[in-house]
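Reader: I'd like to learn how to read a ligand site and a chain contact in a model like this one. Can we go through it together?

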Amino acid sequence: MNDKVLEIRGLCVDYGVGAEAVRAVRDVDLTLHRGEVLGLAGESGSGKSTLAYGLTRLLPPPGVVSGGQVVYHPADGPPVDVLTLSPARLREFRWAETSIVFQGAMNSLNPVHKVSTQLLDVIRAHEPKSTAAGRLARAKELLRLVGISADRLDSYPHQLSGGMRQRVMIAMALALEPQVVIMDEPTTALDVVMQRQILGQLAELRDRLGFAVLFITHDLSLLVEFSDRIAIMYGGRIVEEAPAARLYAEPLHPYTEGLLHSFPALRGPRRELTGIPGSPPDLRAMPSGCAFHPRCPKAFDPCDERLPVLGPPGVDDPTRAVACWLHPAVAPLSR
Amino acid sequence: MTTTESAPAPVDEVVLEAVGLTKHFPVRRRLRSLLSRTPTVVHAVDDVSIALRRGRVTALVGESGSGKSTVARLLAQLYPRTAGDIRLHGTSTRVRGGRPFRAYVRRVQLILQDPFASLNPVHTVRYHLTRSLRIHGNAGTGPDGLERALADLLTRVSLTPPERYLDAFPHELSGGQRQRVAIARALGANPEVLLADEPVSMLDVSIRLGVLNLLQDLKDRLNLAILYITHDIASARYFADDTIVMYAGRMVEGGDSETVTQRPAHPYTRLLTDSAPDPERITGAGADATGAGERGHGEPPSLIHPPAGCRFHPRCPHAMARCASELPPAIPVDDHPGHWAACWLFDPATVAAENGVAEEATR
Amino acid sequence: MRFLLQRLAFYLFTAWAAITLNFFIPRMVPGDPVQSLISRNQGRISADAIASLRVLFGLDSDRNLWEQYVAYWGQLLHGDLGLSFTFFPAPVSEVIGNSLPWTVGLVGVTTIVSFLLGTALGVGAGWRRGSWIDGLLPATTFLSSIPYFWLGLVAIAVFAGPGSFFPSSGGYEPGLVPAFDAYFIPSALQHSILPAATILVSSMSGWILSMRNMMVTVSSEDYITVAHAKGLSERRVALSYAARNALLPNVSGFALSLGFIVGGTLLVEIVFSYPGLGFQLFQAVGSKDYPLMQGIFLIITISVLVANLLADVAYLLLDPRTRKS
Amino acid sequence: MTLSPSSIEQVIPGQGAMAQPSARARRRRFRFVANAKAATGLAILAVYALLAVIGPWIAPYDPDARSVDVLQAPSARHWFGTTHLGQDIFSQILVGARSVVVVGLIAGVLATILSVLIGVTAGYLGGAADESLSALSNVFLVIPALPLIIIVASLVDQAGELLVALIIGLTSWAWGARVLRAQTLSLRRRDYVEAARATGERTWRIIGFEILPNLTAIIASGFVGTVIFAVMSEITLAFIGISSVSSWNWGTILFWAQGQQALAQGAWWWFVPAGLAIALLGTALALINFGIDEFVSPRLRTGGRTRIRTADGRTVRMRVGFTPVLAPKAAPVPMQRSADVRDTTREDQTA
Amino acid sequence: ACGDSPNANKKSGQAATVLNVGMPNGPQAENNNPFLTTSAAASLGYRWQIYEPLMMWNPVKPAEPFKPWLATKAEWSADYKSVKVTVRDNATWSDGQKVTAEDVAFTYNLVKKFPALNDQGVPYTDATASGNEVTISMSSPQFVNQQKVLWRVPIVPKHLWEKIGDPTTDPVKQPVGSGPYTLKSFTPATTTLTVRDSGYWQDAPKVKELRFTSYTDNSAQTTALANGESEWSFVFIPNYQAVFVAKDQKNHKVWAPPVLGIHGLYLNTTKKPFDDPTLRKAMNMVVDRADIFTTAEAAYFHPEVKSVTGLPSPAGDSFIAAEYKGQEHKVDVEGAKALLTGAGYKLDGTTLKDKSGKPVTIKLTDPAGWSDYQTSLEIVKDNLSKIGIAATIDKANQDAWFRNVEQGNFEATFRWTESGATPYDIYRTIMDGRVLKPIGTASPAGNFGRFQSKEATDALVSYANATDDATRTTALATLQKIFVEQVPMIPVGADNIGGAYSTKNWTGWPDDANPYGALQPTQPNALDVVLHLKPAAG
Ligand SMILES: Nc1ncnc2c1ncn2[C@@H]1O[C@H](COP(=O)(O)OP(=O)(O)OP(=O)(O)O)[C@@H](O)[C@H]1O
Ligand SMILES: Nc1ncnc2c1ncn2[C@@H]1O[C@H](COP(=O)(O)OP(=O)(O)OP(=O)(O)O)[C@@H](O)[C@H]1O
Ligand SMILES: [Mg+2]
Ligand SMILES: [Mg+2]
Ligand code: NI
């Protein structure tokens with residue numbers, strides 16, 4: 001289970017070119033292992049969605065991928081750099097190997113097509129040999145998977161509630177049983193019962209099919225519970241990466257720590273929520289050194305001058321990495 | 001936002017009230033149904049009564065598709081209602097447009113659920129916010145005043161530096177940023193009632209906290225009445241004074257937030273709280289999370305042909321024969337004043353009958 | 001059912017208003033059929049004929065407008081369109097019947113082809129903004145901005161002429177009698193090529209332009225990105241997702257344009273001496289042929305209203321969001 | 001601020017330079033002109049507008065004046081040749097520009113305004129307002145424009161071009177109104193419209209500022225269409241000899257050319273310039289239409305560029321669904337580049 | 001089956017059996033009623049190929065005697081109130097029945113009974129047949145209308161027309177006449193006639209089939225003529241040398257003999273200062289008719305009127321009074337200036353001032369679409385500027401123009417006169433005091449310029465009612481004198497009844513050398529022309 005399926009190296013994504021360019025994702029290294037759920041959390045506007053779209057080359061103009069590699073390791077066959085694929089190959093690759101659930105589900109569904117049409121055509125596109133009846137049966141099954149009754153197949157997107165639309169998108173993402181599923185806040189509009197049900201299904205399917213999930217959400221408690229590893233983004237960079245439980249129990253980066261002190265808990269006594277003082281950085285004028293230093297309660301000397309590298313904080317702990325001068329990297333992250 | 005406040009009205013005064021609110025959407029599905037006499041409808045909201053009080057936050061939680069957004073839109077008078085009444089300060093209002101409608105929205109502001117759809121793609125953030133300020137006379141005087149008001153609004157929702165966002169188009173913003181613009185826009189109106197439909201769902205926890213604190217602060221200082229629709233029950237616990245739970249277009253439980261979230265009465269609420277993610281539980285993949293998956297088994301009901309009786313009964317582990325036929329009224333739960341549940345389990349008769357059996361069983 | 005009845009009432013009302021207007025407008029014009037007949041013939045009809053023509057057209061009896069209006073409705077309800085003045089005493093229905101098939105044939109076919117072709121090109125242009133198809137647009141607009149008669153006359157000057165395959169005028173070889181046979185049909189087709197081609201050239205760019213603009217608007221929507229993400233073929237994304245959504249205004253435009261087919265294209269008919277309704281209408285207006293004018297107006301009214309209904313229905317079918325809740 | 005050195009530096013010079021927000025906003029406003037096609041269109045239109053104003057003054061001859069140069073081909077003396085009366089065609093074109101431009105624009109603007117007002121209002125308001133406005137546009141749709149123009153023109157002895165423009169404008173809005181109404185129907189339930197309503201915007205403002213911008217695509221193509229239609233109508237009226245406009249316009253020129261069978265006589269110069277001048281006017285409008293893309297959809301505001309060059313000299317197109325990759329084509333995978341990237345990074349940081 | 005198609009033999013294009021006639025009249029409706037001006041038969045002219053008149057008259061030589069046709073003889077009473085015709089006995093209808101005097105009497109009684117059919121407006125009172133003679137009576141003298149009675153009325157078979165309920169609304173789908181042709185097929189664009197198998201009273205024509213094609217407008221008709229599609233038509237061809245003749249120098253011909261009807265500039269004689277005959281005279285002196293003829297009328301269409309009496313040559317030659325014989329218009333700017341200065345006008349630089357010192361300006365008006373008139377006006381404008389009169393041209397709407405001219409609301413306009421067998425029609429259109437109406441009231445019959453002269457009116461009456469030639473000559477001389485001296489209208493060109501034709505397939509057309517009839521396909525003469533045609537040699 002521990003082999004890589006998707007390897008992101010030094011990925012940089014810009015909006016615009018030339019003087020107006022805004023760098024939204026900076027030098028991101030991230031590895032997704034087969035069958036793993038990698039949670040991605042972080043500041044709103046820190047580039048999570050940009051990362052997700054950038055690596056699949058779905059960023060609308062003026063987005064450009066300005067550097068790096070995205071290497072996909074298929075179950076069989078040699079690895080490929082997704083960024084260098086020809087459009088035709090890319091199209092085959094998409095959804096069959098990597099599917100993606102977008103943030104903002106209303107706009108992800110074509111308002112003039114029925115749900116069924118949109119579900120079926122992805123199957124037909126990639127499995128041209130399938131029969132119509134087979135496809136329909138599959139579509140119904142997929143909807144059932146996400147808890148929507150099959151009679152909703154004939155609905156148009158605007159007749160569904162926000163949550164239903166999101167579920168339809170999730171169902172669609174699973175339709176071809178891809179190796180990698182990227183989910184950008186897939187459960188924001190879902191009630192917790194449904195959320196749990198779907199994630200449960202997802203976990204079950206993952207166990208069965210062995211796909212990996214890049215799971216983007218703000219719901220830290222969900223993330224901790226659901227994912228194997230968590231990466232935290234801030235200002236376009238990954239600032240910390242660790243197994244879920246470790247991260248929750250022992251956050252190293254002050255930003256992560258701040259996040260963990262910001263969410264309310266349902267159970268137990270009401271605790272004081274401290275939050276993170278200050279405001280998010282401006283992508284156009286990033287602070288020098290560590291981008292978090294102006295807000296960091298523990299900032300010290302090198303923080304405002306030198307950029308900390310993401311790397312394991314100690315030789316003994318190769319499973320996690322952090323980019324903070326409090327825990328300087330002992331070696332470049334190598335996996 | 002101005003902080004000038006008129007003579008403090010009594011806290012707890014009901015500002016906006018819904019009584020027996022009902023909304024059915026007609027659906028035309030087949031040619032066949034065109035000819036049939038009875039139109040098919042989606043029972044999106046049935047008999048919902050909510051009172052929003054000055055200086056209080058009322059949370060509305062519930063399953064997705066249960067009609068929360070519809071309630072919010074009904075309260076904002078964006079949809080005509082099928083039945084029921086909406087009272088602003090006790091007077092029944094039904095406004096379709098024009099001056100009365102604008103007078104209404106000046107007092108009642110809605111934040112729509114989907115920030116991807118609710119910002120006009122052709123306008124900048126500046127336009128959206130300026131309009132809101134202008135319409136409600138909060139734009140200050142002169143261009144400088146407006147500029148200051150705009151910067152102020154953006155700073156409140158942590159969109160800093162404001163200049164970076166003022167001239168941005170919606171598509172240049174991340175989901176969370178859009179959501180904050182939507183909030184800022186509603187705040188620009190300086191309303192009495194804020195109907196916030198999942199206002200922070202796309203924000204990271206730290207900003208979410210900031211925004212909720214901001215709302216709390218406004219509520220306290222300006223005695224705002226807030227309807228807070230959310231899926232994040234934990235935040236309802238922290239942020240809301242009262243919580244109402246909806247299921248399939250109906251209210252199933254209501255009461256003080258702490259009580260509802262800590263001692264849920266209705267089986268659906270219990271299911272909800274049990275399902276809520278809990279980092280303390282760290283189980284890795286959540287597949288076997290307390291059997292919630294098992295208990296929540298079953299599909300959400302069809303709203304076109306909703307189940308008779310209690311709408312939850314097909315999925316309810318405690319369902320009784322009666323549940324399938326009789327609609328449970330709001331029955332007070334005696335653990336806390338104001339706590340009620342629409343469930344036959346709390347009918348004194350049932351309680352009495354069950355009690356005996358239950359005690360038998362535990363022994 | 002109620003909805004349908006309501007629509008029907010609405011269309012009936014519109015039809016009534018339009019027909020009434022079309023009754024009164026021509027009668028507000030100074031001059032009468034006799035006068036215009038004389039003036040068109042510049043002296044070849046003697047002024048002595050005035051009296052006889054007035055008797056002939058029944059203009060000698062002094063009925064006021066209102067009585068005429070009532071009588072007109074009476075006739076109309078009996079399906080009687082009256083007698084044309086210009087071709088007196090040919091019944092209006094016959095005059096219309098003679099020209100309508102030609103108009104519908106030529107203009108109808110070219111409208112459809114032009115819509116299909118223009119829309120297809122518009123899809124291409126909008127989908128690949130900035131590509132060569134997009135670059136085609138100024139060229140096609142250029143062609144369509146050329147006054148139609150200019151284009152037609154130049155086409156005749158260049159392509160038609162003695163010995164050319166393209167006849168310069170008429171709907172078929174003079175001397176042939178309209179019939180579905182091996183002589184007539186090829187001749188009719190041959191005669192329609194040049195007019196059809198010029199109509200196409202001059203009408204296509206409108207479709208291209210509007211389709212392109214809508215495509216551009218639509219192609220930046222999120223669901224297009226999603227369609228790409230789904231790995232659908234470029235064609236499917238462009239057609240089934242982008243074009244399908246962008247098509248809506250064009251389709252309603254198309255439905256409307258169907259209504260104008262029967263109105264014909266006056267200039268085509270003038271330039272190519274094509275036997276169509278447009279020229280009849282033009283002549284009728286020129287010669288104050290009220291019955292013919294009204295007859296043609298009636299046909300136009302009906303077809304425009306039907307087309308409108310089609311447009312409504314098309315929108316309802318194509319865009320589920322417009323279905324009333 | 002330390003930048004991680006990567007290939008981007010070469011691609012995007014001045015990456016660090018900060019653009020002032022206000023300057024950015026200002027640039028946005030004029031980006032319209034940056035589009036080469038739109039600029040060309042605007043330039044042509046400007047020339048026409050200029051001609052409309054000064055045409056009569058710069059015309060070398062009196063367009064009515066007869067001369068001994070009868071039916072002559074273009075020459076240095078008569079740039080566009082002469083008519084059968086020896087009139088200078090170039091002067092006629094210059095003098096005729098005003099009428100064409102005035103009628104085209106007035107009628108086009110009038111029809112567009114009416115269609116927007118009526119179509120969008122009907123679509124947005126719905127109900128009885130919709131029904132009555134729709135009925136109105138249906139009635140106007142049914143009234144055939146050309147006969148009506150002929151009829152109205154005959155009611156007035158001396159129909160000026162303003163009247164012609166008004167009639168054309170008043171009779172040609174209905175089509176646009178229908179199309180706009182239909183599109184508005186689908187826009188009015190969009191969330192952002194509801195949001196604007198919930199903010200308390202007045203109806204006219206919602207129509208004007210929330211819905212209208214999203215209809216720009218249709219309005220623009222409609223406007224181009226109506227202006228062309230208006231110009232055509234005017235010219236056609238003159239051509240078939242029924243308009244009573246006394247002044248010169250290009251249709252009058254064509255009327256004379258046709259009356260004298262210019263083409264059959266081989267006098268192409270009599271026929272060609274007016275036709276091309278009209279066509280060029282239409283083309284200018286279509287070109288300007290390209291500039292509105294970025295208004296229609298702010299997402300398309302890519303700095304006016306649809307193509308960008310990468311460091312290694314490739315040209316990539318900005319397109320939806322296939323984000324361009326600026327990095328030079330990497331070595332075939334599997335690659336071991338990561339190590340040295342990291343090395344340089346570290347060097348930089350320690351420097 | 002295919003063989004049954006009416007089009008089956010169409011493609012066999014052996015030369016010289018078919019004659020293609022064209023008219024620029026737009027699509028037609030099937031209507032062969034010979035009495036109705038609006039019928040296709042009248043509009044395209046084929047009614048005269050099917051139905052025949054009693055006598056043939058040559059408008060090119062109006063003073064020549066009538067040629068016998070269906071009637072062998074026509075005798076007018078001295079007062080011209082009745083005419084006795086002798087019907088030929090060898091004529092048959094195309095259904096085989098004999099043409100009888102009964103038929104002729106029936107026809108005239110029909111026209112009398114239905115005013116709607118009386119498109120010549122002749123006041124018939126009665127027609128009676130006896131033997132092979134018919135006496136047709138009218139209520140007033142018809143000296144000036146002889147051709148309207150004998151040449152303009154198509155004779156129809158009684159046995160068929162009796163049965164027609166309302167001859168004014170019957171389209172006569174199957175026309176039966178005494179002429180050499182019968183209707184073969186009708187389409188809105190083309191009507192085809194074939195020659196009768198037998199029974200025509202003269203030699204059957206060589207043209208076996210006549211195709212009358214209706215083109216939508218002049219330019220389409222001209223194109224068809226130029227490329228040989230049409231072999232005969234009547235249409236205005238601008239620069240006909242280049243456009244038509246040059247396309248086939250040898251065969252393409254145009255012949256446009258003038259008739260007794262003219263076109264000219266009507267002046268409103270009630271509008272100051274044009275109520276002054278001196279001014280009108282001066283204007284008449286500067287109008288360049290030759291220029292108008294060559295430039296506006298392509299040097300053929302409205303033949304230049306040279307005689308000062310306004311009568312075209314040669315048609316009017318025999319009517320010109322002795323004192324005006326040989327007197328021709330010529331442009332005389334100096335003379336005009338002298339005349340004006342003599343009458344108290346002042347030429348102030350380039351502006352003519354009238355007696356009260358006001359500059360003389362004039363508005364010339366004509367329908368916008370009539371390009372030859374408009375060109376003429378351009379020239380007139382130019383001419384008038386020579387004597388300091390500033391003219392403006394108003395391109396009017398046709399209906400408005402028509403109304404304004406009839407009501408006298410104009411200053412000057414180009415228009416036609418009636419035409420007929422004598423100059424009477426020209427002069428009555430211009431000067432008839434009997435139809436004089438106040439300004440604002442329509443006078444459709446003529447005198448648009450509101451010319452007031454009792455003398456002229458009396459002369460007109462006397463000319464029409466005279467029973468002897470001497471009275472007529474005197475009356476006509478008086479009319480000419482008034483016309484020349486008072487210039488109620490400036491005559492410019494004559495009407496023509498010519499046409500364009502091709503000798504490629506058919507020869508024998510009338511021309512200057514042999515002007516046996518009018519060359520217009522819609523005139524009764526057309527039948528005579530067709531009968532003259534012979535296949536071209538070779
Ligand atoms: N077209 C654009 N032009 C300029 N900046 C943009 C553009 N699109 C996005 N951005 C900026 O890029 C940054 C990253 O956006 P992204 O959507 O990736 O954030 P995110 O991490 O997904 O946030 P959220 O959790 O709120 O969705 C944001 O600050 C946003 O403002
Ligand atoms: N315009 C409409 N036409 C028909 N049905 C509708 C319409 N709008 C909403 N519905 C239906 O009404 C029900 C309630 O929808 P609503 O959006 O209020 O749910 P919600 O509680 O907000 O859900 P979520 O939490 O997923 O946003 C859903 O079943 C939905 O399908
Ligand atoms: Mg995002
Ligand atoms: Mg909702
Ligand atoms: Ni003439």
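Reader: How far does a polar side-chain atom of Thr70(B) lie from an oxygen atom of ligand 2?

Author: That distance is 2.4 Å. A polar contact is a pair of N or O atoms within 3.5 Å; within protein, one must be able to donate a hydrogen and the other to accept it, and residues adjacent in sequence count only if both atoms are side-chain atoms. Before going on: this is a predicted model, where local features need pLDDT of at least 70 and side-chain atom pairs count only at pLDDT 80 or more, while totals for chains, interfaces and linings use all residues. Residues are numbered from 1 along each chain as its sequence is written, chains are lettered from A and ligands numbered from 1 in the order in which they are written, and side-chain values use heavy atoms, with hydrogens and water left out.

Reader: Which backbone atoms lie by an oxygen atom of ligand 2?

Author: A backbone N or O atom of Gly65(B) sits 2.6 Å from a ligand oxygen, and one of Gly67(B) sits 2.9 Å from a ligand oxygen. On its own, ligand 2 exposes 640 Å², and the protein buries 93% of that (Shrake-Rupley method, 1.4 Å probe).

Reader: Why is the site called shared between chains?

Author: Because residues from both chains A and B surround ligand 2. Of the 23 residues around the ligand (a heavy atom within 4 Å), those coming nearest include Gln159(A) and Gly163(A) from one chain and Ser69(B) from the other.

Reader: Now the protein contact. What is the area buried between chain D and chain B?

Author: The size of an interface is often given as the accessible area lost when the parts come together. Here the buried area is about 2600 Å², with 49% from carbon and sulfur atoms (1.4 Å probe, summed over both parts). Asp191(D), Arg197(D) and Thr199(D) supply 23% of the area chain D buries against chain B, more than any other three residues.

Reader: How many salt bridges are there between chain D and chain B?

Author: Look for a side-chain nitrogen of Lys or Arg within 4 Å of a carboxyl oxygen of Asp or Glu. The count is three. One of them pairs Glu194(D) with Arg73(B), closest N and O atoms 2.8 Å apart.

How values were computed:
Buried area = accessible area lost by both parts, 1.4 Å probe.
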